[in-house]
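Here are my notes for your review. Please keep the model open as you read.

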Amino acid sequence: MTSKRPQDERGPTDKKRKKKSCEQTAELCRAVEDEQVKRAVQEAWSRRTPYSRGDLELDCQPFPHCVIKNFLSSETFVENLQSELLRLNFHEKSNDLYKFKQSDDLRKRTEPHIAGLRAALFGRFRSWLGEVLRIELEPTVDISCARYEYTDILLCHDDELEGRRIAFILYLVPPWRSSDGGTLDLYTTDSNFHPQNIVKSLVPSWNTLVLFEVSPVSFHQVSEVLSQDKCRLSLSGWFHGPSLERPPRHIEPPVPRSPHLPRDETLLLEWVNPVYLDISYQEQIQEEFEDSSEIQLKDFLKEEKFREVSEALGLAQIQWMKRGPPNKRCYEAASTDTLPDCVSACWELLCSEAFFLLLSNFTGLRLHYLCPADDDEENDEEEEKKEQEDGQATGSSTETTPTTTTTTTTTAAAAADASREKELSTPVCCGEVRRWSHSGYTLLHDGEAARAEYALDLTLPFGCADWQSEFGGFTCYVANEDDEELLTVYPEDNSLALVYRDKETLKFVKHVNHKSSSESAGSSICRGFYDFSFIYYE
């Protein structure tokens with residue numbers, strides 16, 4: 001770091017000595033200094049068996065992790081460390097996976113207690129840990145500070161990144177209970193290395209270090225902080241070393257696509273607000289959509305139909321299935337064979353041939369083989385212009401027969417092409433009826449990015465009249481790779497949202513947080529909403 005002070009007569013060695021003298025030595029607990037304990041932990045870790053001695057506890061289920069209470073032996077040091085950390089600048093971090101405040105990188109901070117802890121962690125403790133694991137850990141310093149407050153969260157992930165071998169967290173929290181949230185939740189995994197269920201929750205406690213092995217099965221989360229007056233302050237980072245071998249990632253099967261249902265425009269007349277069936281208004285919608293690739297059509301369904309479906313979605317006959325795995329998504333989807341009649345009829349509307357054609361009129365996209373392609377329209381215009389020019393050159397007396405013959409031939413050829421195209425590209429879509437409530441979300445993931453394609457997304461929400469943006473549950477569209485936010489679509493009753501995305505655009509639904517559940521007069525109100533979510537393909 002370049003000094004801004006004037007040069008003085010002290011040489012570089014003197015400056016370095018002075019800087020070191022400001023660093024406070026962090027003394028580690030006896031459990032780490034005890035040679036007998038180190039050998040016992042080493043043996044237990046290699047055998048994947050539990051071990052406990054004093055303030056140190058090792059457990060290997062669902063994956064190897066170790067908890068060391070009273071990690072720093074000096075209480076005064078810990079309190080001063082906390083004070084230095086709270087004076088740092090914190091930056092709001094929020095995306096599909098998390099929401100919390102994080103400090104700048106601490107690798108070069110010069111505060112005495114931060115520097116002292118860093119030296120102890122990546123010096124003596126790194127050596128101890130390397131001996132326990134029987135591996136060479138690199139001297140790479142990777143550490144930062146995080147503040148989790150009300151509704152902050154870090155959703156399910158495995159921490160795997162090139163070079164990370166051991167993750168650690170040092171808690172500097174006030175007296176904490178599991179009801180405050182903010183627990184470190186550990187997941188089991190299935191045979192495909194997908195996370196399944198939370199089987200252990202570690203409650204943060206003052207001056208406690210938690211560390212675990214980063215591996216294909218080290219799925220964990222920081223549960224949502226539910227306390228409105230406590231701050232979950234922690235230091236966290238990774239010790240780097242040789243990564244564990246990772247098996248090939250399991251690829252989820254693609255979501256089945258269904259062909260359109262042969263229903264005509266009478267279905268549209270029955271369900272859709274008449275204003276959206278007006279051709280001139282459809283042209284206006286198309287112009288707006290082509291400018292921005294997205295639009296929201298308010299009051300889309302007829303009012304009586306919307307009310308009927310809204311009420312039916314709350315009926316007990318619907319079977320709701322949890323959608324996972326939690327490192328990709330967490331919400332409920334309805335089993336289609338248990339839907340009430342009016343909800344099934346709404347589903348049929350969105351799958352119908354007439355609706356495909358209506359969407360094409362709204363968007364200008366060729367979602368159905370009966371829709372003219374852009375090049376077809378250009379060819380028709382060129383043919384018409386050519387026929388007019390030919391007619392002017394040859395005169396009206398010879399015009400009728402050739403024109404009739406040409407038209408007949410063209411019509412027959414077009415019919416044959418349409419028949420062939422119908423066989424090759426039957427209009428398809430995929431969709432589901434979803435229920436969103438506290439803790440629901442979807443995440444961006446590698447599999448989704450690999451299968452990204454041009455598509456039209458449709459969302460039609462129900463039951464969200466009192467929904468607020470601060471609850472979450474909104475859909476974010478981001479650019480692949482750089483996570484730049486492109487568009488946010490908020491749930492709004494009976495507002496049909498259409499978004500056209502390309503191969504470089506991904507989407508996620510933001511975690512529905514605790515604010516969606518309000519408590520008053522001893523009773524709690526859990527808000528939620530439903531939506532129809534469909535994807536249509538060109």
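Predicted model: local features only at pLDDT ≥ 70, side-chain atom pairs only at ≥ 80, totals over all residues.

**Notes on the model**

1. Strand β15 (residues 294-297) runs antiparallel to strand β23 (residues 496-501), and four bridges join them. Strands pair if DSSP finds at least two bridges between them.

2. Residues are numbered from 1 along each chain as its sequence is written, and side-chain values use heavy atoms, with hydrogens and water left out.

3. Which face of β15 is covered? The covered face holds Ile295 and Leu297, the uncovered one Glu294 and Gln296. In a regular strand, side chains alternate between the two faces of the sheet.

4. Asp299 is not a glycine, yet has a positive phi of about 50°. Asp299 is partly exposed, at 47% relative accessible area (buried is under 20%, exposed over 50%, partly exposed in between; 1.4 Å probe, protein chains only).

5. Arg134 also has a positive phi, about 60°, and is not a glycine. Arg134 lies in the loop between α5 (112-133) and β6 (143-148).

6. Check two cis peptide bonds. Gln61 to Pro62 has omega of about 5°; Pro62 sits in the loop between β2 (56-59) and β3 (65-68). Gly324 to Pro325 has omega near 0°; Pro325 is in the loop between β16 (320-323) and β17 (329-334).

Terms used:
Helix = DSSP H or I, 4+ residues; strand = E, 2+ residues; numbered from the N terminus.
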